[in-house]
Amino acid sequence: MPEGAPEQCQVCGNHALVPRRVTDAVVRECEFCGHIEGPSELVELLELQREAEELGCSEYSYPLARFIDELPGVKLLGDSGGNRKLGTMPFVAFELSDHRTWQLENLGQALRLMREELSREWMIEFTFDYQLGFELRTRPDGRKTHDPDEIEAARRDLLHMWRRLRGYTALAWWKQG
Ligand SMILES: [Zn+2]
């Protein structure tokens with residue numbers, strides 16, 4: 001929100017705007033009508049997270065999972081935002097419905113560019129469970145369960161990847177098909 005902007009909802013005029021933290025930034029949400037004000041990217045993220053809540057999906061993996069599902073030639077198989085109780089890490093599973101590798105190249109190049117910005121090392125694992133599949137997940141380190149701190153860090157990574165990937169699709173190296 002720009003400096004000096006009225007502390008008032010642009011939709012309903014209500015003054016009860018409450019700050020909400022999204023990743024590393026803050027947006028303002030109207031307590032009355034739910035309208036969100038802030039940078040468009042963060043507003044979109046919050047809206048996706050609300051959608052996830054309504055669908056009963058994980059608010060951490062849903063934005064990235066949806067992004068991957070919307071890539072041409074890719075179909076989402078499943079996703080998880082991790083489970084603090086079970087100590088499991090997040091992942092996004094997908095298949096290549098067009099049987100081509102171009103989107104793998106896009107995701108692989110994106111992971112390479114983001115490497116320094118992520119808390120964990122992420123990889124795309126090849127899986128075979130009656131069908132050819134892929135899983136975007138953190139590199140296994142031999143442990144079956146992970147600490148809540150690690151899971152939270154991986155969740156932040158998921159949202160960071162989502163933000164970055166949206167920008168990458170507009171760059172010259174991103175294969176458009
Ligand atoms: Zn409002």
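Mentor: Donors are N, O and S atoms within 2.8 Å of the metal (3.2 Å for Na, K and Ca), and water is not among the atoms, so sites may look incomplete. The model is predicted: local features need pLDDT of at least 70, side-chain atom pairs count only at pLDDT 80 or more, and totals for chains, interfaces and linings use all residues. Residues are numbered from 1 along each chain as its sequence is written, and side-chain values use heavy atoms, with hydrogens and water left out.

The zinc ion has as protein donors the SG atoms of Cys9, Cys12, Cys30 and Cys33, at 2.3 to 2.4 Å. Along the chain these donors follow the spacing C-x2-C-x17-C-x2-C. The angles between the 4 donor atoms run from 103 to 114°, which makes the arrangement tetrahedral (for four donors, all angles between 85 and 135 degrees). Cys9 is buried at 4% relative accessible area, whereas Cys12 is partly exposed at 35% (buried means under 20%, exposed over 50%, partly exposed in between, with a 1.4 Å probe and protein chains only).

Turning to charge, the structure holds 20 salt bridges, each a side-chain nitrogen of Lys or Arg within 4 Å of a carboxyl oxygen of Asp or Glu. One of them pairs Glu29 with Arg50, whose closest N and O atoms are 2.5 Å apart. This pair links distant parts of the chain, with Glu29 in strand S2 (residues 25-30) and Arg50 in helix H1 (residues 40-55), 21 residues apart; helices (H or I, at least four residues) and strands (E, at least two) are DSSP runs, numbered from the N terminus. Glu29 is buried at 12%, while Arg50 is partly exposed at 26%.

Terms used
Tetrahedral: all angles 85-135°; square planar, octahedral: opposite > 155°, others 65-115°.
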